[in-house]
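The following paragraphs lead the reader through selected features of a predicted model. Please keep the sequence and the structure in view while reading.

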Amino acid sequence: VPLAIRKIRGQKWSPRYSWLPEGDLEADAIQDLKTENNTISLFVIEDNRSNFDRVLAALAANCTNIANFDYALIDLDALKDSGYKFTEDPGETADKDVNKWHLNMIELSLKKLTQLAFTLVNRGEIDRKDKPYVKRCLEASVRENKLDSQLVKLEDKDRALLGLPPLPPKSK
Amino acid sequence: MSNLAYQYKDSYSPLLPEPATEADTRRASELYPSFETADTAQVVAGVIKRTYAHTTLSRMVPTRALPFSSVPTKPNTQYLCWKNTSNWNVPNPDLIQKLQNIFREGKYEIFEDGMHSTFSRALVSLINAHGSVAIDALATFLIDSNVNPEVASEALRWLGQVEHTESYNRRLWLLERSLRSPEPAIRDGAILGLSFLDDPLVIPALWEALQTEEVSQLRKAIRQVLEQLKNTQQEFESSAISDSEN
């Protein structure tokens, strides 16, 4: 069963406050499910997770700095069964193959968005990959020429770590 | 507990770790009296011993008398910046004001891991411009004021990312100190900041934090960083052996 991945800020998704009723989520978690035109961006991960590191590298390459990567991973079929609708729109990363694994979850109401948050927590996997892991994924994608260096948004310090040329001044 | 131990506690400055345990307080009381005029060195020696309790450095630091000139150092490594417990960088009101403004604006941002924000750029710029003095002001600000935990957490992450050698030890201390914050968001920021420093010397502080951490997700995060630092330490050791063989 394929999975869907969403980059989050993991600390908001665990019960860290004593005032939070059991089974509830802090409201700030919804910040990680920012919608645009009632749509949320997701990437598809193969059921054997063979493309996980590559998707992670592509998403990390969209950042300004190499850092930890917190994510929520969930069974895509479970989402479809729950009535969520998807369209296969190309993603916007530096890896053109990863862009093909992009989905938009569409026609989201506030109720559906809230339900999605709870589905991610109750049926999904929320975890963190540390910075060295993220760096290794990026290195692998660079080594295998999977990333278009012009589209990698990392700042020069981290580009240098990966052996990428500095960004031209107008792109910074 | 002797009066001197209380004196140590009373003279606590935000730039020195407060005694975390009864044992630490006793250690401070042992250190303080022997050099009345060089109390700084005594207290600092205690700090070094506690911070680096499981490292070779700790064994090199005597429990008692220790003038600054005898603090063992390694090339390219600064162990301490504090020169006097009563003469630390008094928070600069201008810097405090700047930090207040930066933090106030930061409340309205949504932070994302690995992404610079207006807040992070302003903070990093302040550290690059003012070095340790900025960290002193930040320490005062984070510890003393009713700071927004999410913004503080973001600040701590960037303390681990910023490349500024002169302020390294102060940043290290502030991150370690923040592991004991009552706010889980701040502790998470400190854990991540320490992971970004990737310095095996913080292993003892993380072990200590692991013993008291109540949030399971944060315990998991600490274990993950400990694993990372263990690997880093092994790489250092392998590299040192390789260098010595060559």
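A:Lys129 lies over the face of A:Tyr133, 4.7 Å from the ring centre; a charge counts as over a ring if NZ of Lys or CZ of Arg is within 6 Å of the ring centre and within 35 degrees of the ring normal.

Rings also meet other rings. Over all chains, the search of the whole structure finds five aromatic pairs, where rings of Phe, Tyr and Trp (its six-membered ring) pair if their centres lie within 6.5 Å, and planes under 30 degrees apart count as stacked, over 60 as edge-to-face and the rest as tilted. In one of them, A:Phe52 and A:Tyr71 have ring centres 5.1 Å apart and planes at 65 degrees, so the pair is edge-to-face. Because A:Phe52 belongs to helix H1 (residues 52-60) of chain A and A:Tyr71 to strand E3 (residues 69-75) of chain A, the pair ties together parts 19 residues apart in sequence; helices (H or I, at least four residues) and strands (E, at least two) are DSSP runs, numbered from the N terminus. A:Phe52 and A:Tyr71 are both buried, that is, under 20% relative accessible area, with exposed over 50% and partly exposed in between (1.4 Å probe, protein chains only). Ring pairs join A:Phe52 and A:Tyr71 with A:Phe69 in a cluster.

A:Asn38, in the loop between strand E1 (3-8) and strand E2 (40-45) of chain A, has a positive phi of about 60 degrees although it is not a glycine.

Residues are numbered from 1 along each chain as its sequence is written, and chains are lettered from A and ligands numbered from 1 in the order in which they are written. In this predicted model, local features need pLDDT of at least 70, side-chain atom pairs count only at pLDDT 80 or more, and totals for chains, interfaces and linings use all residues, while side-chain values use heavy atoms, with hydrogens and water left out.
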